[in-house]
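Please read this briefing alongside the sequence and the three-dimensional view that follow.

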Amino acid sequence: MKKRLMVLLLALAMTFNLAACAGEPKKEEVAEVPASGEVIKETEAPSYKIGIITPTLSSSEDEFRAGDNMVKKYPGIVKHLTFPENVNAEMETALSQIVSLADDPDMKAIIIASGGSGYLPGLQKVKEKRPDIITITAPIWDDPELMAKYVDINLDTDWARRGVTIVEKAHDMGAKTFIHYSFPTHLAKEVISLRKDTMKETAEKLGMEFVEVVTPDPQTGDGTAPMLQFLREDVPRQIEKYGPDTNIFGSNCPMYDVILDEALKLKFLVAEQCCPTPTQAYPTVMGLEIAEEDSANFDKINAMISEKAKEAGMTGRLSGWPMPVTIFLPEYAVELAKYAIDNNSNLKEDVLNKEFLDKFAKDTFGVGVDFQSYQQKDNYYMMIMESIFY
Amino acid sequence: MKNKKVQIPQIIICIYLLILLVVVNVIGIPIVGIINESFIKWAMNGVLVLSLVPMINVGAGMNFGMPIGISAGLIGLCIAIELRLQGVIGFITAMIVGSLIAIVFGLCYSKILNRLKGKEEIIGTFAGFSFIPIMNFFWTLVPFKNRQMLYPVGGKGLRPKISLKNYFEGILDNSLVVKIGEFQIPVALILFFLILCFLIQYLYRTRVGHVMTAVSENEKFAQISGVNINKYRTKGIILSTILAAIGICVYSQSYGFVELYDGPFMMAFPAVSAILIGGASSKSATVKQVLIGTYLLQTTYLLSIPVANAILVPEITEVLRMIITNGIILYAFLYKGGSKKYGKI
């Protein structure tokens, strides 16, 4: 009996807590309304919020910093949450985090930037509860058909099309051979194996030799060290065989620490990283000293890379995208949501078309971006950024 | 010591290695290059394998908690980079600072292991695994100032990988390289490794070493003879931790990067496989077993990937390679264990 009473008491206490939580924002709202009524100030926090959820700092730096940047840029508007460290093991927590954002009556848009799958049910629930909230993925990798059906705007990098563009770029840079490093758990992913096949096709079309090498798998046991150690041994062998007019592509980000390091020594070509960004591998390999105030200044970082490339006699032999796509997409999504809310836009008519999306990227970030709709879906757009040559 | 004869696991691995060598020759991969690389791989991983010996020989089992010692070494490396110490001075500073920290870490680690005698291997695994998140906090929060090692975007916290190029990359690999024809022997690296091996070998000829061995062979007997068991265990564990710290310094200078965060996570396992292949048991290990085991295992790894890539369909190479390499190791042990306990297979 005692136990039951305890449980009852606890349950009561919890409901009160919940009620209190739900009650609080209302008070704020009441307090805010007269304030904004009296003096209309630009600086005052508007009465809406945009929620963004990213992985934690240690699991993915870029998305986390993107969320963080947006909070700093739009204080009071952007609310930044992080998924649990080990999302796959705690999907329930992740989903409830997504749904919890919709509890705030001021919430007008929810953005998920994660590069993982399994989040769609959370967004579906948000839509059931609050059809007025704009949902954006930037990106998540659930089933595209369902995403197009249940999410308002889906943004992603055009992984498959890069199979063509990377090889063409490498060819333009003077590559005669294209080497593709990957491993089983990656090749089992549809996007990656599709991209590899496209690369092979394109290389053959352009008259380049396509070489495929499989490395130790970093996801089955011993981590990335054996894979990188193998690259250290294998890259010089391959370059000795095919000469420096070879482009090396690896399907896994950590590979680039070794690939770029060897590129500086052996002078081969790296047309594009798997996740093209100046902030990955380049700073490590080139020992860049980026001052704290320059930490998000990509022009400065790119200039530093160009300089180091010149020192190594590698001018024009390294290329990438001017800013990391993993920072671009989440920030772009926030800006897009803010624009749509501020202008009360009709998503289907005003926002979701190639002309607007491309122009919006140029206007807000100053980089050329090419969006294409995925399989003719009107709310699923995949992008490729303009290249920068170091 | 006891295991003087060449055992079945070594024979099987040797045969596998020979087959690989023949195939390498047939496919036309330059064999000299591979042999040169095998020396580097041998010595760069060797010290980490050697670090298992002291703990095994005081009866504290295989050091699955190696990430603890490795973390100490990583701190040493980071401090050397923070102070921008280059060349030999940087490398020596990294090892000294790493060792000092390893003494503290080893002391704490031995306190845990001495309370939970007999379950060291599983406790060590957990201690090592749980130590990594603690270190992750440290790496993100440590107030280092050298911007070459900080996150490029946020500007705070250490990068997951720090390049040693401006400091002491290849300091052992590339100094005193003796060229005999096409062969290149990294004398400094191998000498450094062998000196450490010799020191450990020498330790087991001294009185302290004898007592340590006695503890691992028969703890009760040693206790009755008036040996303070925990004292010797603590010494052995600290020594293992220090060697792991030095080991990661040697490994990193060869690898070219300092790998933080989850880098040390799985490092204990290849080391343990190597010493087992060398013929060690969880109660006794010798330096000779370290030398043989590391060379065999690392060269097998070195050879199997290019061979698999050359003769198999790319998509399946890695899977088959894992099955064959690990399968052979497993078979080797099965054969040994089987014949001992249950008669012949």
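Predicted model: local features only at pLDDT ≥ 70, side-chain atom pairs only at ≥ 80, totals over all residues.

**Chain A as a whole**

- The secondary structure of chain A comes to 15 helices and 12 strands, which are DSSP runs numbered from the N terminus (helices are H or I with at least four residues, strands are E with at least two).
- Of the 390 residues in chain A, 45% are buried.
- The mean pLDDT of chain A is 83, and 88% of its residues reach 70 or more, pLDDT being the predictor's confidence in each residue on a scale from 0 to 100.
- Over residues 17-42 of chain A, however, the pLDDT is below 50, and beyond near neighbours in sequence this stretch has 7 contacts in the model, a contact being two residues whose C-beta atoms, placed from the backbone, lie within 7 Å.

**Strand 11 and its neighbours**

- Because 6 of the 6 residues of strand 11 of chain A are buried, this strand is largely enclosed by the rest of the structure.
- Strand 5 (residues 153-157) of chain A pairs with strand 11 of chain A in the parallel sense over 4 bridges, and Leu155(A) has Tyr381(A) as its bridge partner; two strands count as paired if DSSP finds at least two bridges between them.
- Strand 10 (residues 369-373) of chain A runs antiparallel to strand 11 of chain A and is joined to it by 5 bridges, with Gln372(A) standing opposite Met382(A).
- Strands 10 and 11 of chain A form a hairpin with 6 residues between them, and Gln375(A) in the turn has a positive phi of about 45°.

**The sheet**

- An open sheet of 7 strands in chain A has the order 2-1-3-4-5-11-10, with mixed pairing.
- Strand 2 (78-82) and strand 10 of chain A stand at the edges with a single partner strand each, so one side of each is left without a neighbour in the sheet.
- Strand 1 (residues 49-54) and strand 2 of chain A run parallel and are joined by 5 bridges, and here Ile52(A) stands opposite His80(A).

**Domains and the partner chain**

- The domain assignment, which is automatic or taken from a database, gives domain 1 (48-157 + 327-389) and domain 2 (160-322) in chain A.
- The C-alpha centres of domain 1 and domain 2 of chain A lie 28 Å apart, and 7 residues of domain 1 are in contact with 11 residues of domain 2.
- On the side of domain 1 that touches domain 2, the elements that give two or more residues are strand 11 (380-385) and strand 12 (388-389) of chain A.
- Between the chains, 37 residues of chain A are in contact with 37 residues of chain B, and helix 9 of chain A gives the most to the side that touches chain B, with 7 residues.

How values were computed: Residues numbered from 1 in each chain as written. Chains lettered and ligands numbered in written order. Buried ≥ 20, exposed ≤ 12 C-beta atoms within 10 Å, placed from the backbone.
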